[in-house]
Amino acid sequence: MISERGEHALAETGGGVDLRAAYAYDLGGVHFCYGSTRGPDVRWVLRDVTLQVRPGEILGIVGPNGSGKTSLLKLLAKLAAPQTGNITLFGCSLAGLSQEDTAQTVAFVPQESAQLFPFTVAETVLMGRFPHRQRSRWSLGFGWEDQEDCQAAAQSMATMDIAHLAARPVTDLSGGERQRTMIARALAQMPRVLLLDEPTAFLDLQHQLDICAVLRRLRDERRLTVVIVSHDLNLASQYCDRVAMLKDGRVTAVGSPSEVMSVEILRDVYGCHVLIDPHPESGLPRITLPGPALRSHH
Amino acid sequence: MMPSAGHPTSPSPALTSPSPTLSPNLMGSGVQTAAADRPFHGAILTRSRWFAVMSALALLSLVLVMLCLQLGTQYIGLGNIFGLLWSALFGTTGEPDTVRTTGVILLQVRLPRVFLGFLVGSCLAAVGVALQALLRNPLADPYVLGVSSGAALGVAIAVLFGIGTTVLALSLLPVCGFAGSLIALMVIYRMAASYDRLPIHSVLLAGVILNAIFSALIMFITSIMEPNRSFGMMAWLMGSLTAPAYPVLSALTAYLLVGLILLLKQVRVLNILALGEEPARSLGINTERTKRVIFLLSALMTGAVVSFSGMIGFIGMIIPHAVRLVVGADHRLLLPASALVGGMFLMVADTMARTLFVPSEVPVGVITALAGGPFFVYLLVWRKDRLA
C-alpha cells in the first residue's frame, strides 16, 4: 500500500534520532497506569502492549471507550512514561530523549482544546515553530519569527485550509476550525511523526475527508508517520494502512484493515454484532451497525 | 523519485514546492502567501508593532507621571517641577524658602509616592499576566487567588512578633510576605493540579477560601495588637502607597526590576503554556520547571509589593484583560504593555485617592477594588456565557 518506500528514504538524523531505523516506534511489553503501582488494586490502563509503527505509515488505534487508546498516544508523545517495558523512537529509547529532542521529531494534537486566550490563528500555528527556535540565554527570549517560520506556518495553514482565518482569534472559531488550526500548528512543527487524538471528532464530512487526504499526502510526500486514535471504524478502515485494536488496555489485533475489521474481532472487542461488506470504491471493509429488525431478531 | 523530506529544522522541499497531487487552488494560494514578504500582515505580532505600542505606552506613562506630580494638596506647576528636579539632580543651592518647601513636598513626598505607585502597579499587572497564562484562567490575579492576603498574613505575623520594629525590618518584612504568598500559591497549585484540567471556578473557589482563612487570621492578629499599631495595620492592609525613604525605595526597585526581567524572559513559554499543558509539553517545554519558576517569581514579587503597599486588589486582573483586548494575546507584548498600563493605572488611582477627598485621603485599595469588583462580576458572567 505504501508507495515509494525505497532507498531514497531519509539519510538524515533529526532531533537526536536516527530516521533510518526500521521502526518509527517500537513498543515492547509496555505496562502503564496513572498514579502508584503499589497496593492491591492497581488499575492498569495498558497491559503488555507490544506494537511496532513503521516509518511512513498511517496507523489507526481503535477500540471501545476506556480501552487505553488516548493513554497509548500519550506514551508515544512522551507525555507519560510507562511503568515497565520500553518504547523506542526511530531506534532511540524514548525515555532517554529530552522533551526538546522529542518535540523536533514528534507532534501531538490533543483531543479537544478549548482556548481561553484570543491568540490569532496565525499566532497559534506559529507556536508550532517553538521547538526549532534558538533560545539565547541573554536575549529576552522573544524569538521573533523569521521568514522560514512564517513560510512553514503559511504552508501548513494552506494545507489545512485555514489561510483565510489567519487574523481571527482562536476563541471565535468553530470546533472544526479550531481543530484544523491545531493540526496546522502540529504540521508547522515539521515533525516526522504526527500523533492525533480523534482528529475528526468535530469535523463535518468534507473536512473529515480533507484531513484524511492531507494525511495520506503528507505520508507519501514527506514520509510522515501518522498515528491516529479514532472512534470511527470506517475512517480507520478506509484511510489507515494498519489498524491496532485495543481492548481493556491490550492490543487484541493489529494488521491491515481487512485483517482487523472482521465480524468476529469486532464482536469480541465491542460486544455487539456488526455488518461488514466491501466498500464499493476501495474494496476495504465497511462496517455498518445492524438495523433495528436484525437486532430484535438477535 | 520524490524529493526526500527535509531535516525538521530546515524547510522541507516537499512542502516548499507545489506538488501536482495537491488540490491546485488550495496549495497555489498558500505558496503565494508564503512568497510574500509578510505572509501574516496584521495577523501576528511583529517587532515593529511591538516597538510602536511600547513607545506609545512609555510616552503616555511619562506624560501621566508629569501630571500626577503636579496634582496634590499643593499644585506644583510643570516649570516648577522641571526646575526642582534639575536642581535636585545637579545640586544648585540657595533657593528661597518657599521653593525649598515645594521641593520637599515634590522630592520627599510626591515623587517617591508616584514612583512607588507605578512600580507596584506594574508588578501586580505583570504577575497577573503570568498567573493567568500559567493557570489558564483569565480571572487569575494575586488578590483574587489569595496570594496577596497570604503575603499580608506573613507581614502581619512579622509585625506582631516585633520584627517590623527592628532594624532588620527592611529585609525581613518582604521575606515574610514572600513566605506567605508562596504558601498561598502552593495551596492554589495543589488544588488546581488535583484536577485533570484546571477548572476556572474551582481555582477561584480555592482563592476565596484562602482569602477567608487568611483574612480571619489577619483580623485576629490585628485585634490582639495594641490600638495604635492595629490602626496603622488596618490602613496598610487597605492598600496605601506611602513611600519609604529613597535607599529602601531603590532597593525595592532593583529587586522588582530583576523580577520583571526574569518574568519577561518567560513570555514565549507563557504563550505556549496558554495552549494547554499537554500541547506545551509536546512542544518541548519543561512545564514543571516553568511552573516552579513562575510561581516563585510571582510569590517573590507579590510578597515584596504587599509588604510595602498592602493589599491592592484587582489590578492583576483588570489590566491584563483590558490590554489583551487591545494589543492581542501574545505575551511578548501583553506582559510589558500590561506592566506599563498597570503602573499608570495605579499611579492615577493613587493620585485620585490623595486629591479627591482633601483633606482626608482614601486608601488606594478602595479605589482599585471599586473599579475592579464590578469588572470581575462582569467577566465572570461574560465567561459563563462564553463557556456554555
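Q: What share of the contacts in chain A with a separation of 6 or more joins residues 24 or more positions apart?
A: The share is 69%. A contact here means that two C-beta atoms, placed from the backbone, lie within 7 Å. For chain B, the corresponding share is 76%. This is a predicted model: local features need pLDDT of at least 70, side-chain atom pairs count only at pLDDT 80 or more, and totals for chains, interfaces and linings use all residues. Residues are numbered from 1 along each chain as its sequence is written, while chains are lettered from A and ligands numbered from 1 in the order in which they are written.

Q: How many helices and strands are there in chain B?
A: Chain B has 16 helices and zero strands. Chain A has ten helices and 14 strands.

Q: Why does Phe90(A) count as buried?
A: Look at its neighbours. A residue is buried if 20 or more other C-beta atoms lie within 10 Å of its own, exposed if 12 or fewer, and partly exposed in between, with C-beta atoms placed from the backbone. Phe90(A) has 27, so it is buried. Its place is the loop between β6 (84–89) and β7 (92–93) of chain A.

Q: What is the phi of Phe90(A)?
A: It is near 45 degrees, a positive value in a residue other than glycine. Most residues other than glycine have a negative phi.

Q: Why does Met190(A) count as buried?
A: Met190(A) has 28 C-beta neighbours inside 10 Å, so it is buried. The residue sits in the loop between α5 (175–188) and β9 (193–197) of chain A.

Q: What span does helix α4 of chain A reach, and what is expected?
A: The helix covers residues 147–159 and reaches 18 Å from its first C-alpha to its last, close to the 18 Å expected. The expected span is 1.5 Å times one less than the number of residues. Helix α13 (residues 287–309) of chain B has 23 residues and reaches 32 Å, close to the expected 33 Å. Just after α13(B), Gly310(B) has a positive phi of about 75 degrees.

Q: What makes α3(B) roughly parallel to α15(B)?
A: Their angle decides. Helix α3 (residues 47–70) and helix α15 (residues 331–355) of chain B pack at about 10 degrees, with axes 10 Å apart. Axes are lines fitted to C-alpha atoms, for helices over the stretch in contact, and angles run from 0 to 180 degrees between N-to-C directions. Angles under 35 degrees count as roughly parallel, over 145 as roughly antiparallel, 65 to 115 as roughly perpendicular and the rest as oblique. So α3(B) is roughly parallel to α15(B). The contact includes Trp50(B) and Leu57(B) of α3(B), and Leu340(B) and Met344(B) of α15(B).

Q: Which residues touch the most other members of the largest nonpolar core?
A: They are Ile61(A), Met157(A), Leu195(A), Cys123(B), Ala126(B) and Ala130(B), in a core of 193 residues. Helix α5 (residues 97–135) of chain B gives this core its largest share, 19 residues. A nonpolar core is a set of buried Ala, Val, Leu, Ile, Met, Phe, Trp, Tyr and Cys residues joined through C-beta atoms within 7 Å.

Methods: Helices (H or I, at least four residues) and strands (E, at least two) are DSSP runs, numbered from the N terminus.
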